[in-house]
Amino acid sequence: MPRHRDAAHRKPKQRLFTGPAARTAATLALAGAATAATLEGAAQADPRATPAQVEAQVDRLYHDAEVATEKYNGAKEEAAASEKALDALRDEAARRTERLNTARDALGSYATAQYRSAGIDPAVRLALSSDPDQYLERASYEDRAGDRQASAISGVRRQIGDIAQLRARAEDELTVLASRRADLRKHKDEVRTKLADARKLLATLTAEQRAGYERSADAAHGGGATRADRSAPRGSVAAPNARAAQAVGFAYGALGKPYVWGATGPSSFDCSGLTMAAWRAAGVSLPRTTYTQINAGQRVSRSELAPGDLVFFYPGVTHVGLYIGGGQMIHAPRPGAPVRIAPISEMPFAGATRVA
């Protein structure tokens, strides 16, 4: 089964952020303080908060929702693996029970035959036999058959023990599955709560302020480069191999498709769902979450990036995009923002991985 999602996560070396990444990190820090001070239960904007402070809180909530989304993705993957393991154990127990019943039926038939003939003493049967040689041959056969039946009885006992062990393992796996389903529900509720709080905060802004927020958020995430712009970025280089080229091609084909948390395509994606789908199209299977994808290949430095590499962001490795060259990536940013091209400099860089 499945490894624990935190086991695969290696925290990247922390760096001081500069430029746009510094602004993003500062926004998240401001928003975190503001959120703690002003949000209790349902999102309520502090009447004294400026539109910029409300927008910072919304940014923080979207980021927190993405963190919860990756935890949800990991819990979903682990729950699915537990369900598969449980089904396999139950199937094997059923097959072995069927074989056990067949063996028991055979033993029952033998026992019945023994019962029917057990009333006559062997010496009497020999005396009554018209062919003593035939009787002795049959007796020898019965002795051998008895040995075989003793072996069969031992086999039945072993089968019963094996089935008991399988059922015990199935019970253990059922307990694990219940725990993982509970995690799944918890993270799902957290995502929904964060997104609902973000919507409530945005509703406290005027229509003009909301439009301004969306424009600034789009600009921060390369909002102009969606489905309408499928050309390679200026200064880009060719993908290093055919598989990387296929992954990049898939990502270009996904431009403009909506962000939906937990989605892996083909009509919508979250951030790690997009990278997983892109490399799946190239024949490579990636794990489901950002914190496992970062360990799915060879780590590369920012200066070594090539098209097809996975690029990760934020100290907790909570966001991922697909590098396409020229300092740009294709990624699924957040709810309300479709798959698009964006500069990798707009978020705090956490590391990169070369898949193939």
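## Helix crossing and aromatic pairs

Helix 6 and helix 7 are oblique to each other, where oblique covers the angles left over once under 35 degrees is called roughly parallel, over 145 roughly antiparallel and 65 to 115 roughly perpendicular. The axes of helix 6 (residues 242-253) and helix 7 (residues 271-281) cross at roughly 130° and come within 7 Å. On the helix 6 side the contact (heavy atoms within 4.5 Å) involves Arg-243, Ala-244, Gln-246, Ala-247 and Phe-250, and on the helix 7 side Leu-274, Ala-277, Ala-278, Trp-279 and Ala-281.

This is a predicted model, in which local features need pLDDT of at least 70 and side-chain atom pairs count only at pLDDT 80 or more, while totals for chains, interfaces and linings use all residues. Residues are numbered from 1 along each chain as its sequence is written, and side-chain values use heavy atoms, with hydrogens and water left out.

The count of aromatic pairs, meaning rings of Phe, Tyr and Trp (its six-membered ring) with centres within 6.5 Å, comes to 3. Among them are two edge-to-face pairs (planes over 60 degrees apart), listed here.

| Pair | Centre to centre | Between the planes |
|---|---|---|
| Phe-250 and Phe-269 | 6.1 Å | 90° |
| Phe-313 and Phe-349 | 6.0 Å | 80° |

Phe-250 lies in helix 6 and Phe-269 in the loop between helix 6 and helix 7, 19 residues apart. Phe-250 is partly exposed at 27% relative accessible area, a class between buried (under 20%) and exposed (over 50%), whereas Phe-269 is buried at 0%. Phe-313 belongs to strand 2 and Phe-349 to strand 6, 36 residues apart, and both Phe-313 and Phe-349 are buried.

Notes. Axes are lines fitted to C-alpha atoms, for helices over the stretch in contact, and angles run from 0 to 180 degrees between N-to-C directions. Helices (H or I, at least four residues) and strands (E, at least two) are DSSP runs, numbered from the N terminus. Rings of Phe, Tyr and Trp (its six-membered ring) pair if their centres lie within 6.5 Å; planes under 30 degrees apart count as stacked, over 60 as edge-to-face and the rest as tilted. Buried means under 20% relative accessible area, exposed over 50%, partly exposed in between (1.4 Å probe, protein chains only).
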